[in-house]
Amino acid sequence: MATVVLTPDQLDGQAARLHDTQAWQQIVTGWEHTAAEPAPAPGRLGAMLPDRVHLWRRVGQSELRPSVHLGYARQILAEWGWQNTPYRLRNARGARCVCGAMVSAHRLGYGSLDTMDRAGAWLITELRAQGWPGLIGPWNRHPGRTAADALALVDATIRRASLAGQ
């Protein structure tokens, strides 16, 4: 039997159609009552699904400090992988760039848009402290950049924001 290879856009479309079905709604209904706390990152399959499929997690989520939001973004980078494709928040396998990890953390229900914006401002502050004059995207895709560099940047930003009470 031949395997069909989908493009990222085709995969996003299929996942979106799945999300809109009654069967999917029955699957996710009541999940908040079956476990003490939902896992922040729902495994490799969750990494490949488009972020909009995770919007159901936003219901009832409280506001977070930017350092906590960045902690969830770090977990996404560590579990789902890091990528540096220009102008892509994620690749077909679900790996995220630094900005993509922050967007995913928000869409998984960890912090508001304001929290994500403040976390981004803390990342820029840390980049400036490290001597990088540009934005996060160009830093992420700079030649020679590694996943370890991305995790170290997020770790340093978490420390900086935490020390400031944020």
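How many of the 10 residues of helix α6 (residues 98-107) are buried?

## Helix α6 and its cover

Eight of them are, so helix α6 is mostly covered, where buried means under 20% relative accessible area, exposed over 50% and partly exposed in between (1.4 Å probe, protein chains only). This is a predicted model, in which local features need pLDDT of at least 70 and side-chain atom pairs count only at pLDDT 80 or more, while totals for chains, interfaces and linings use all residues. Residues are numbered from 1 along each chain as its sequence is written, and side-chain values use heavy atoms, with hydrogens and water left out.

The buried set in α6 is Val-98, Gly-100, Ala-101, Met-102, Val-103, Ser-104, Ala-105 and His-106. Their cover includes α5, α7, α8 (136-140) and α9, with contact meaning heavy atoms within 4.5 Å. Helices are DSSP runs (H or I, at least four residues), numbered from the N terminus. After α6 comes Gly-109, with a positive phi near 105 degrees.

## Where α7 meets α9

Now to helix α7 (residues 113-129) and helix α9 (residues 147-163): their axes come within 9 Å and cross at roughly 105 degrees. Axes here are lines fitted to C-alpha atoms over the stretch in contact, and angles run from 0 to 180 degrees between N-to-C directions. That makes α7 roughly perpendicular to α9, a label for angles of 65 to 115 degrees.

On the α7 side, Trp-122, Leu-123, Thr-125, Glu-126, Leu-127 and Ala-129 take part, meeting Leu-153, Ala-156, Thr-157, Arg-160 and Ala-161 of α9.

## A look at Val-68

Val-68 sits in helix α5 (residues 66-80) and is partly exposed, at 30% relative accessible area. Its C-alpha atom is 9.4 Å from that of Thr-115, 47 residues away along the chain.

Key: Helices (H or I, at least four residues) and strands (E, at least two) are DSSP runs, numbered from the N terminus. Angles under 35 degrees count as roughly parallel, over 145 as roughly antiparallel, 65 to 115 as roughly perpendicular and the rest as oblique.
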